[in-house]
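Me: I have a structure open and would like to go through it step by step. Could we begin with the ligand and then turn to the helices and loops?

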Amino acid sequence: MTKKNSRSNINWPHIARLVLASRTLDEIEEQELTPKGKVAYQFSAKGHELAQALLAGHLTHPHDGATAYYRSRPFMLASGLPLAEALAAGFAKTGSPSEGRDVGVVYSMRSRGGVTVLPASGNVGAQYTPAAGWAQAIRYHQTVLGDKAWDGAMAVAMGGEGSTAANGFWAALNIVTTRSLPYLFFIEDNAFAISVRAGLQTPGANLAENLKCYRNLNVLQADGTDPAEAAARIAEAVEAVRAGQPTLLRLKVVRLMGHTFIDTQAYKTDEERQAEQERDPLKRLRDFLPDLDWDSLKREAEAEVRSAIQAAEALPDPEPATVTRHLFASVAADWQPAPPQADGPRLNLIEAVRRALESEMTLNPRIAVFGEDVGVKGGVHGATAHMQEKFGEGRVFDTSLNEDGIIGSAVGMAAAGLLPVPEIQFRKYADPATEQLNDAGTVRWRTAGKFAAPMVVRIPVGYSKKVGDPWHSVTGEAVFTHTLGWRLAFPSNAADAAGLMRAALRGADPVLFFEHRALLDSAAARRPWPGDGYTLPFGAAGRLSEGEALTVVTWGAMVYTCLEAAAGLDGVEILDLRTLSPWDKESVLASVRKTGKCLVVHEDTLTGGFAGEIIAAIASEAFEWLDAPVQRVTAPDSLVPYNRSLMAEVVPTPKKVRQRMDWLLAY
Ligand SMILES: Cc1ncc(C[n+]2csc(CCOP(=O)(O)OP(=O)(O)O)c2C)c(N)n1
């Protein structure tokens with residue numbers, strides 16, 4: 001595109017105003033608001049403004065989705081975030097995207113006619129896979145739901161060159177190029193990641209050069225400080241993406257200030273700083289648009305920013321008592337619990353999961369099932385067997401081998417209105433997804449309820465048929481009970497699994513759904529199919545036996561270990577918690593107040609295990625009723641070993657549990 005064309009296609013006075021507004025805001029923050037302590041974290045965008053303002057001008061489709069990062073304020077302002085809201089965010093006030101919960105520049109924004117900006121993450125690199133999920137959702141809305149309103153929509157992820165070394169970048173790159181998704185990597189390369197030079201993020205310091213031979217990726221580059229060149233290349237990139245071509249655009253920009261306010265940039269030479277100042281995009285824009293009355297524009301920008309500061313300062317601070325709000329959805333479930341049918345065919349736990357999922361998929365076309373091997377193969381555990389044949393490849397599909405990508409893309413899909421049901425093949429393999437799991441759980445809290453990421457993540461856990469090993473036998477539920485914002489189901493039988501799966505799919509919170517491998521097709525966990533309407537509320541323990549002498553609290557496969565251990569004993573009341581977030585504290589306390597004795601049994605390791613939480617609750621709320629010290633039988637702090645006699649030392653056995661029961665009963 002020639003300079004003339006790029007001039008005529010773009011509302012340059014508008015771009016000039018946006019760049020000036022952002023620049024003025026940064027300067028006032030740097031000179032007044034941050035030194036006075038009014039803005040605690042200041043991230044200057046000086047040098048990045050032009051490229052971002054130009055990009056925002058293209059994202060006018062109501063179903064465009066973007067993920068931004070902490071240097072994206074010019075983009076936010078250009079996409080419709082009012083100055084006063086941006087300032088309120090810096091001041092940690094109400095009336096801002098996070099209502100004072102998150103760092104001011106960590107933004108989110110529901111569509112104000114154009115682009116939706118998904119909740120940003122403070123984790124560098126975490127922005128890429130949610131945008132990939134949005135791009136997948138565009139395809140889903142078009143092809144599965146037949147919604148023409150999504151035609152022509154696109155996804156963008158913005159990031160610095162440092163972020164391209166992070167896992168999330170590569171996960172997203174594989175997702176969008178293998179699926180040819182309408183996705184733009186918008187890379188603002190300012191040559192420094194705090195102090196680390198680009199040559200450590202990619203060999204030769206130019207990722208675009210290195211990706212030129214990457215299949216199915218359109219690679220473009222431009223000087224992001226040159227108005228004509230940047231405008232032309234950004235327009236070209238957007239056009240290619242809207243035509244269905246995944247694209248990476250590397251824009252060379254400058255970071256005129258430190259990484260944050262306190263960064264003195266001692267790691268840059270004087271020559272480097274000088275060269276950066278010469279490439280200041282504001283100066284270049286002035287030269288490019290000599291006919292504009294820059295002095296008046298500057299005065300207008302200053303007046304606007306000053307009045308926004310006044311408006312933002314007048315906003316109330318958040319109420320301290322509201323801080324725990326929005327961790328979970330506050331709406332009540334919109335279904336009535338129905339009793340189970342008793343005359344259905346007897347099903348394995350895994351069949352019950354599949355059947356519940358399928359019946360909900362029939363009712364809700366927004367449910368998408370995906371993960372490694374879940375498509376043609378039907379899952380390595382068979383949970384999704386034949387589902388792809390029934391529901392099509394659009395709804396049941398394989399993914400690349402990347403758990404970070406699986407969960408990250410689920411976040412973007414959820415934001416775009418789908419209900420993702422990803423599978424993580426084994427509990428241990430959720431490790432690479434930790435960043436996205438943590439971020440997904442807190443989306444609602446971080447945005448003060450404006451966004452959420454409801455999804456149901458199915459994870460087979462624990463040892464299988466009395467065989468174990470360190471990689472496939474982890475249960476590790478305690479980690480997830482500590483992972484904010486997640487519900488956690490751990491059913492022990494087929495009927496509970498069906499009821500909890502249905503409740504999970506009809507709820508509004510993200511759910512981790514544990515399927516114990518030893519129970520998937522065990523006879524003990526088999527139950528009559530409870531019916532297509534059966535739902536089991538979270539937080540309601542099952543009482544498997546009644547007694548007055550001892551309360552046993554357990555869940556998952558340990559339910560059967562405890563039942564076997566208690567065989568022939570009188571007075572043992574066994575509670576199956578069924579869900580650990582929330583957990584049924586009231587039933588446990590009521591039982592302990594009746595029996596005066598309690599044993600907690602779990603397969604997870606001892607230190608920091610969930611038994612500790614239960615026992616703490618008993619100690620503080622049922623202490624006066626206790627007639628014996630509360631006991632626990634758990635795995636020791638060890639991995640599950642492969643050798644069977646070693647394994648018997650780790651996984652609690654009925655014999656060990658019985659010994660503790662006998663000890664307590666005799667106490
Ligand atoms: C996962 C993670 N690691 C480290 C950090 C600390 N950190 C914040 S910004 C940053 C540099 C990022 O540089 P780049 O992606 O090039 O963007 P720029 O700041 O230059 O715009 C680092 C290391 C972080 N926020 N997240």
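This is a predicted model: local features need pLDDT of at least 70, side-chain atom pairs count only at pLDDT 80 or more; totals for chains, interfaces and linings use all residues.

Me: What does Arg-71 place 2.8 Å from an oxygen atom of the ligand?

Reply: Arg-71 places a polar side-chain atom at that distance from the ligand oxygen.

Me: And which part of Ser-163 lies 2.9 Å from an oxygen atom of the ligand, backbone or side chain?

Reply: For Ser-163 it is a backbone N or O atom that lies 2.9 Å from a ligand oxygen.

Me: Now the helices. How do α2 and α12 pack?

Reply: Helix α2 covers residues 12-33 and helix α12 covers residues 294-313. They pack at an angle of about 55°, and their axes are 9 Å apart. The two helices are therefore oblique to each other. Their crossing is right-handed.

Me: Which residues make that contact?

Reply: From α2, the contributors include Ala-16, Leu-20, Thr-24 and Ile-28. From α12, they include Trp-294, Leu-297, Ala-301 and Val-305. By class, this contact has 11 nonpolar, 1 polar and 7 charged residues. Arg-17 and Glu-27 of α2 are among the residues in the contact, as are Lys-298 and Arg-306 of α12.

Me: What about α15 and α16, what is their angle?

Reply: Helix α15 (residues 403-415) and helix α16 (residues 434-446) pack at about 20°, with axes 8 Å apart. Because of that angle, α15 is roughly parallel to α16. The contact uses Asp-404, Ile-407, Gly-408 and Val-411 of α15, together with Glu-435, Gln-436, Leu-437 and Ala-440 of α16. By class, there are 4 nonpolar, 2 polar and 2 charged residues in it.

Me: Is that crossing left-handed or right-handed?

Reply: The crossing of α15 and α16 is left-handed.

Me: Changing topic: where is the cis peptide bond?

Reply: A cis peptide bond joins Ser-581 and Pro-582, with omega at about -5°. Pro-582 is in the loop between β20 (579-581) and α20 (585-595).

Me: One last item. What is the phi of Ser-180?

Reply: The phi angle of Ser-180 is near 50°, which is a positive value in a residue other than glycine. Ser-180 sits in the loop between α7 (167-178) and β4 (183-189).

How values were computed. Residues are numbered from 1 along each chain as its sequence is written. Side-chain values use heavy atoms; hydrogens and water are left out. Axes are lines fitted to C-alpha atoms, for helices over the stretch in contact, and angles run from 0 to 180 degrees between N-to-C directions. Helices (H or I, at least four residues) and strands (E, at least two) are DSSP runs, numbered from the N terminus. Angles under 35 degrees count as roughly parallel, over 145 as roughly antiparallel, 65 to 115 as roughly perpendicular and the rest as oblique. A crossing is left-handed if the near helix is turned anticlockwise from the far one by less than a right angle, and right-handed if clockwise. Contact means heavy atoms within 4.5 Å. Ala, Val, Leu, Ile, Met, Phe, Trp, Tyr, Cys and Pro count as nonpolar, Asp, Glu, Lys and Arg as charged, and the others, Gly among them, as polar. A polar contact is a pair of N or O atoms within 3.5 Å; within protein, one must be able to donate a hydrogen and the other to accept it, and residues adjacent in sequence count only if both atoms are side-chain atoms.
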